[in-house]
Amino acid sequence: MATKILFAPRQPEVILDIARSLTPAAFELVVADPGTPEFYQAAAEAEYYLGLARQMGGEFFRAAPNLRLVQLLSAGYDRVDVEAARKAGVPVANNGGANAIAVAEHSLMLMLAVLKRLVRLHNDVVAGKWRIGNLAETRVFELAGKTLGIVGLGNIGKKVARRAAAFDMDVQYYDIARLTEDQEDALGVRFVLYDELLRTSDVVTLHVSLDDSTRKMIGARELSMMKRDAILVNTCRGPVVDEDALYAALKDNKIFGAGLDVMVEEPPQSKHQLFSLPNVIFTPHTAGPTWENYVARFRNGFDNIQRVAAGRAPLWVVAGEA
């Protein structure tokens, strides 16, 4: 009998085709949406979970007594109840950096879009307004020569650093796990303290996981320390930023602008206060998934599942117990 892998939530068929084509022999992929009878029926028999984190608390782990691994396709795991996973003795692994290139590219895109006022200029052109206004007042800027401050130098942060170097940016970082001097030299970055990073960076980009220590780590105090011509980019998790404080800072021109791929509430309310501001650009939490990295995500996931099935320890464990 094939070992069951519960896959959730349901994805478009073209993506499921990729998953099915990579499913190893002797495994069966059972697709279901969370909260449905089919989901709980499959959970009761499944030894592995593959997919995105949805409603993964005590009820989920109790419904899946044979579970040996929760393998996420995402980098983030904030929707998993870590304590429930620990009590169940089930390790939770993320995607092993499969989306790191995509998020790094997206971060640079948002930096450029904000500094070049991309959305505003696009809207002007399609509205028949060609190079209107005072160019001295609607200034655009270059990345070259700017100081980039990376908060969180994991898989994604390191790839941002390498790509920023191609734009001739000066890269500094803060992370609770500091690199060795040799590693910093090889990557072309230097370590600074968190407050120092905020004070001295022209661009601050966030690449941390969401937990109690990072929730609202960018608030009124932190924004008040940033340069008036600095920008903030967030492609990690919305609650890392205090949106009320960010609104106030942007509205009063305490910082130049922001590029946000994530928000506290997703999707946000249609009349969110940040939407009224001209100096912030949004994307709908789409930094991670690209057509190229679906294969990498599934390949990493199935490899980790096979490791556990063979009695080896899983890779990329972020919560629970290995």
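**Strand 11 and its neighbours**

Analyst: Strand 10 (residues 231-234) and strand 11 run parallel, joined by 4 bridges; strands count as paired if DSSP finds at least two bridges between them. Helices (H or I, at least four residues) and strands (E, at least two) are DSSP runs, numbered from the N terminus. Before going on: this is a predicted model, where local features need pLDDT of at least 70, side-chain atom pairs count only at pLDDT 80 or more, and totals for chains, interfaces and linings use all residues. Residues are numbered from 1 along each chain as its sequence is written, and side-chain values use heavy atoms, with hydrogens and water left out.

Back to the pairing: V233 sits opposite G259 in strand 11. Strand 10, helix 11 (residues 243-251) and strand 11 form a right-handed β-α-β unit (with the strands pointing away from the viewer, the path from the first strand over the helix to the second runs clockwise). Strand 11 also pairs with strand 12 (residues 280-282), again parallel, over 3 bridges, and there L260 faces F282. Both faces of strand 11 (residues 257-260) are covered: G257 and G259 on one side, A258 and L260 on the other, are all buried (under 20% relative accessible area, 1.4 Å probe, protein chains only).

Now the helix pair. Helix 1 (residues 13-22) packs on helix 12 (residues 291-309) at about 35 degrees, with the axes 10 Å apart; axes are lines fitted to C-alpha atoms over the stretch in contact, and angles run from 0 to 180 degrees between N-to-C directions. Contacts (heavy atoms within 4.5 Å) bring V14, I15, I18, A19 and L22 in helix 1 to W291, Y294, V295, F298, R299 and F302 in helix 12.

How values were computed
Buried means under 20% relative accessible area, exposed over 50%, partly exposed in between (1.4 Å probe, protein chains only).
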